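Please keep the sequence and the model in view while going through the numbered points.

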Amino acid sequence: MEMFRQTINQLHKRISNGEIVAADVVESVKQRIAAVEPAVKAFITICDDSEAVAVESSSPLAGMPGVVKDNICTQGIRTTCGSRILENFIPPYNATVIDRLNAVGAVVLGKTNQDEFGMGSSTENSGYHITCNPWDLSRVPGGSSGGSAAAVASGQALWALGSDTGGSIRQPAAFCGIVGMKPTYGRVSRYGLVAYASSLDTIGTLTRDVYDNALLMNVIAGYDERDSTSINAPCEDYTAGIYDGVRGLKIGLPKQYFGEGLSAEVAAALEQAVQTYRDLGAEIIEVDMPNTKYALATYYIIATAEASSNLARYDGVSYGLRVEGKNIVDMSERTREQGFSEEVRRRIMLGTYTLSAGYYDAYYNKALKVRRLIKNDFDAAFLQVDVLLTPVAPTQAFKIGEKTDDPLAMYLSDICTVTVNLAGVPALSLPCAFTNNLPVGMQLIGAPLSEALLLRVGCAFEQTSGLANKIAPCGGGK
Amino acid sequence: MLSREQVEKVASLSRLQLSPQELEKFSVQLGAIIEYMEVLNSVDTTNIEPMIYAVPTTNIYREDIRKPSLNHVTALQNAPETDGEYFIAPTVVEK
């Protein structure tokens, strides 16, 4: 079998027993990129000179080629955030996650496409180009980490880093048929992640099976003194109990996630997944999370308010684009008008409006209070059950162009994922079915720092479903 | 729907210049989104504390010790305009 079709775990074993060397793996994946990237367009920047470098490391990630979302700073490698305003930005330092990957000898092949600054759910809002879903090139890969998900699903990377502010890892993972982890807020350092909404942003992992996801989490998770919101608690080995199964575990189904708007395909796939867990010995319990219906409004108020503040730094002075003007205000306004896409400007405007005098209490402060009610729903649920099982998105991957004219319709597609960021809890997205040759994802949500449990519950399903390590055809048939 | 004046004011606070067409479009779109957000008015939040972060956070203190940091050249390398020592920006205070 071609090496790019295998998992990190499989390839690591072959390298360990001397059958192949890391350079062969990198070469195989680079050939795959040459073959399918023209159709998929997952990358913003391809690092032509990337190669396996020998390091003193026993990590299974040593020598393994992967990709990084373009809002994670890579020293000496252009980092655009999908925005024209950062078209020529070369970070002078690495994000902590990149330092950690370098330390174990993982190979970064390139930087992947995304919705500008993470603002979008389809990667159509990139300042560069549209990425295609490798299962059906006429459809979106999801977003905002659409390039990362498409690269992994199409065999152009064994692993990817993404970021998740309202579902930006989990939804593209679901649309592309791969595994995506949004860790507990603070479990993975945000140092070097370009800020969108700082109280919601997390860096996480995308891989083609659950075990690989655990391997990658083992490298990037942990305390970092350079991120003041980093959790100072020890990390477990995420692979340790991964095959322990689900017998005796309680899995909750929050009824609010299975309501109107859910497509027939997604509903049927989830029902089947629930039956699988029942067959594996888990107890299924319906739970009530009454504040779920307020999550989208809460999320879009908080996220845009934080964004309007975070993006004030793009003023044409210290880095990024500058468009000359007649004075500093004019220069700054022209720069931001030309450098930001319409969606970014819309969100900055929204955030500025809800934070402005006379509206702060009615919108922003109110949203912070409702955020606590949503968190309380999760706390109550986890007194009853070990994990929650929900859809990732109400539908499968939609057509390119289908929602671009209606921002509110695009926002509504985030309905199953934003709650997790508001509550700061971890969640895993993994494929639960392929219907009409398109993947359907399911979401497992856990209490804070329960990543190992989520991986274990995900792994139990994957062992039964056989839906691991699927490589998309990229328009070229199977 | 937001009024044209409201959109213009928010654009100015956001340091954004909008074309007349964009002003029109944003007043409709932002109005619809804000109307959707008003669902929160129906939630009883009496005695509920605002939640800024999902995990408990406290101030992190450290000793004030000098450590290596970016040098001058590196810190200025992404700037649109410098004199080698400082960032250069257009006039802030007119004569």
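**Notes on the two-chain model**

1. In chain A, strand S5 (residues 179-182) and strand S6 (residues 202-207) form an antiparallel pair over 3 bridges. At one position of this pairing, Val179(A) faces Thr207(A) of S6(A). The model is a predicted one, and the points below should be read accordingly.

2. Chain A holds an open sheet of 11 strands with mixed pairing, in the order S1-S3-S2-S4-S6-S5-S10-S11-S9-S7-S8. Strand S1 (43-46) and strand S8 (283-287) of chain A are the edge strands, each of them pairing on one side only. From one strand to the next, the twist averages 30°.

3. Helices are placed against this sheet. Helix H2 (residues 22-40) of chain A lies across S1, strand S2 (65-69) and strand S3 (107-112) of chain A, and its direction makes an angle of about 55° with S2(A). Helix H6 (residues 210-220) of chain A lies across strand S4 (159-164), S5, S6 and strand S10 (427-435) of chain A, running at about 145° to S6(A).

4. The chain as a whole may be considered next. Chain A contains 14 helices and 11 strands. Its C-alpha atoms fill a box of roughly 65 × 50 × 45 Å along the principal axes. For 478 residues, a compact globule would have a radius of gyration near 23 Å, and the 21 Å of chain A agrees with this. Of the 478 residues in chain A, 63% are buried. Among the contacts in chain A between residues at least 6 apart in sequence, 77% join residues at least 24 apart.

5. Two helices of chain A deserve attention as a packed pair. Two packed helices are described by the angle between their axes and the distance between those axes. For helix H8 (residues 295-310) of chain A and H10(A), the angle is about 100° and the axes are 7 Å apart. H8(A) is therefore roughly perpendicular to H10(A), because angles of 65 to 115 degrees count as such. On the H8(A) side, the residues in contact are Ile301(A), Thr304(A), Ala305(A), Ala307(A) and Ser308(A). On the H10(A) side, they are Arg347(A), Ile348(A), Leu350(A), Gly351(A), Thr352(A), Thr354(A) and Leu355(A). By class, this contact of H8(A) with H10(A) comprises 6 nonpolar, 5 polar and 1 charged residues.

6. Helix H10 (residues 342-355) of chain A packs with helix H1 (residues 4-13) of chain B at an angle of about 100°, their axes being 9 Å apart. H10(A) and H1(B) are therefore roughly perpendicular to each other. Met349(A), Thr352(A) and Tyr353(A) of H10(A) make the contact with Val10(B), Ala11(B) and Leu13(B) of H1(B). By class, the contact of H10(A) with H1(B) has 5 nonpolar, 1 polar and no charged residues.

7. How many residues of chain B are in contact with chain A? There are 40 residues of chain B in contact with 54 residues of chain A. H1 and helix H2 (20-37) of chain B are the elements that give two or more residues to the side of chain B touching chain A. H2(B) gives the most to that side, with 7 residues. By class, the side of chain B that touches chain A has 28 nonpolar, 9 polar and 3 charged residues.

Key: Residues numbered from 1 in each chain as written. Chains lettered and ligands numbered in written order. Predicted model: local features only at pLDDT ≥ 70, side-chain atom pairs only at ≥ 80, totals over all residues. Axes fitted to C-alpha atoms, helices over the stretch in contact; angles between N-to-C directions. Helix = DSSP H or I, 4+ residues; strand = E, 2+ residues; numbered from the N terminus. Parallel < 35°, antiparallel > 145°, perpendicular 65-115°, else oblique. Contact = placed C-beta atoms within 7 Å. Nonpolar A, V, L, I, M, F, W, Y, C, P; charged D, E, K, R; others polar. Rg over C-alpha atoms; globule rule 2.2 N^0.38 Å. Buried ≥ 20, exposed ≤ 12 C-beta atoms within 10 Å, placed from the backbone. Pairing = 2+ DSSP bridges.
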